[in-house]
Amino acid sequence: MSLKLGVPSKGRLMDKTFDWFGQRGIELGRAGSDREYAGYVQGIDNVELVLLSAGEIPRELAAGRIHLGVTGTDLVRDKLGQWDRSVEELAGLGFGQADLVLAVPRCWVDVNTLDDLDAAAAAFRLKHGFRLRIATKYHRLVREFLRDNGVADYQLVDSQGATEGTVKNETAEAIADITSTGDTLRANHLKILEDGLILRSQATLFRARRAAMDESDRKTLKTLLKQLALD
Amino acid sequence: MTQRSAIRAEAARLRASFEAEGAQPVETAILQPAEVLLDLYGEDIRARAYVTSDALRGEQMLRPDFTVPVVQMHMEHGAEPACYTYSGEVFRRQEDDPERANEYMQVGFEVFERDAPEAADARVFSIIFNTLKPLGLRAATGDIGVLMAAVDGLHTSERRKRALRRHIWRPRRFRALIDRFSGRVPVPDSRAALLSMADPMSGVAPVIGMRQEVEILSRIKALQEDAATDPISENEVALIDAVLSVRETSDNALSHLRDIAVDMSTIQPAVDRLARRLEALETRGIDVTRLDFEASYGRTNMEYYDGFVFGFYAENRPDLPPVATGGRYDALTRHLGRGREIPAVGGVIRPGLVVELGGLT
């Protein structure tokens, strides 16, 4: 057996993850060509690198098909019910920072808080005959946040990309999306509600609580955590 | 007998006993059009119901409850008064608690009747009460109508009352609104700034999206009017709190609410209804001196119940959901009837829980 470590298979998130492990004496890399999703691990034995889409890592962790995985806290919390029962946060990696926020058009001078949004949603529904639409791909997190804060008369519409453009395109009235600098929001004439921070997220190393491990895996995990200074 | 067939057998017995009480058995489809349920319950229903779809009928939901299809069926071609029973599976998505069932049986008893609503309340409650008697459950009761009447009685603008009524079922926001309307918490800085501007729309970003400038201006006007409205008095806030904190046996609750009605006469009709209901319950042999009443019962999870509400709980099994729940849902028939309405009260028993608790025989 070997310890399976899931890492995002491309982009900045992969590079930064490789750097983070590299700085701690564990070299991760992609084997063969750029197109091949196989990896290697040097600096520790019995650890296998599994390259996956960042969005699939929560599911693989929950199923116990990988022992460790790097992905965003936002994805883990949105995709896993009772996430802290299936995974443990070992370390925030200090990159991939992003906030999940609720944003509305900047021209809505009367809407600055959730309280305003709720009142605007009620009036909107009366006038237009349907619930105010909020575009997002983080359905669970947004729904729970709005329920906890008692916002009514809205509906979520699915948006897997270019979410900031949905308001101008009139397929949504507001959005809930990840932002790091807020530049894209501003460019699309949107503003964040004062109390509209749903979640602070960063790339995080998770351990699967339910993954099967034998004696040698446990030893490997101990060695790995020691080397990463997480023991 | 397997657990599943034991539950089916219990469901059949329950339905037969409801039929013996004069209910007509009805069936509804398992797949329900999602639109109606979404319009009624809002986004929360997506967290609770399984959604599926096809190219012809679009989004559909696996029946999360029977109330909506039974009300629709009645409003389309029901004679009055009517009394129905049904039995079948409902489906609830579970995202947080793996212990909770995502598919279970419900057996229901629903009464649609215009006259003597308190007698109908008592009829539904006592039939379920007597059916479940062997299990020794605790009955919880409440009445959303009393709180609604208290809101109606506030000396404040119709707009504020509407906002409070809208959030009766969301206690946290209801409290936040009370705090703001009574001046207990200050107006947020951003709103104060907005209200002090001569022309708030000048120089702002381009108007994008479907919510138009006129809608923004009309809300600003509403906010200005609201800022000029006197705060809800401390005295009235205290009365609302007094209503919300009523929690005792029904006979004591009634006399307590009568005391409150001296200072808040608008709740008097609702208190009278409670009195008539307790009388009707006594006539049916329920000991109201041992029946719990809680004015805020049903506020967090029973939206669209707008009068009498009740639930039955196994006290030594706090891990279980209520064995039976029900109440009056006149507002729901008003909403689904698009202008027409019919007073309705009903309740459901979960035969699976009855079996788990040892059965009724």
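Domain bounds come from an automatic or database domain assignment. This is a predicted model, in which local features need pLDDT of at least 70, side-chain atom pairs count only at pLDDT 80 or more, and totals for chains, interfaces and linings use all residues. Residues are numbered from 1 along each chain as its sequence is written, and chains are lettered from A and ligands numbered from 1 in the order in which they are written.

**View 1. Domains of chain B.** Chain B is assigned domain 1 (1–67 + 75–135 + 342–361) and domain 2 (157–233). Between the C-alpha centres of domain 1 of chain B and domain 2 of chain B lie 39 Å.

**View 2. The side of chain B that touches chain A.** Contacts (C-beta atoms, placed from the backbone, within 7 Å) link 32 residues of chain B with 35 residues of chain A. Two or more residues on this side of chain B come from each of α3 (44–48), α8 (171–181), α9 (189–196) and α10 (213–227) of chain B; helices are DSSP runs (H or I, at least four residues), numbered from the N terminus. The most, five residues, come from α10(B). By class, this side of chain B holds 16 nonpolar (Ala, Val, Leu, Ile, Met, Phe, Trp, Tyr, Cys and Pro), four polar (the others, Gly among them) and 12 charged (Asp, Glu, Lys and Arg) residues.

**View 3. Domains of chain A and their contact.** Chain A is assigned domain 1 (3–95 + 203–227) and domain 2 (98–201), with C-alpha centres 32 Å apart. Five residues of domain 1 of chain A contact eight residues of domain 2 of chain A. On the domain 1 side, helix α3 (residues 73–79) of chain A gives the most, with four residues. That side of domain 1 of chain A has no nonpolar, two polar and three charged residues.

How values were computed
Contact = placed C-beta atoms within 7 Å.
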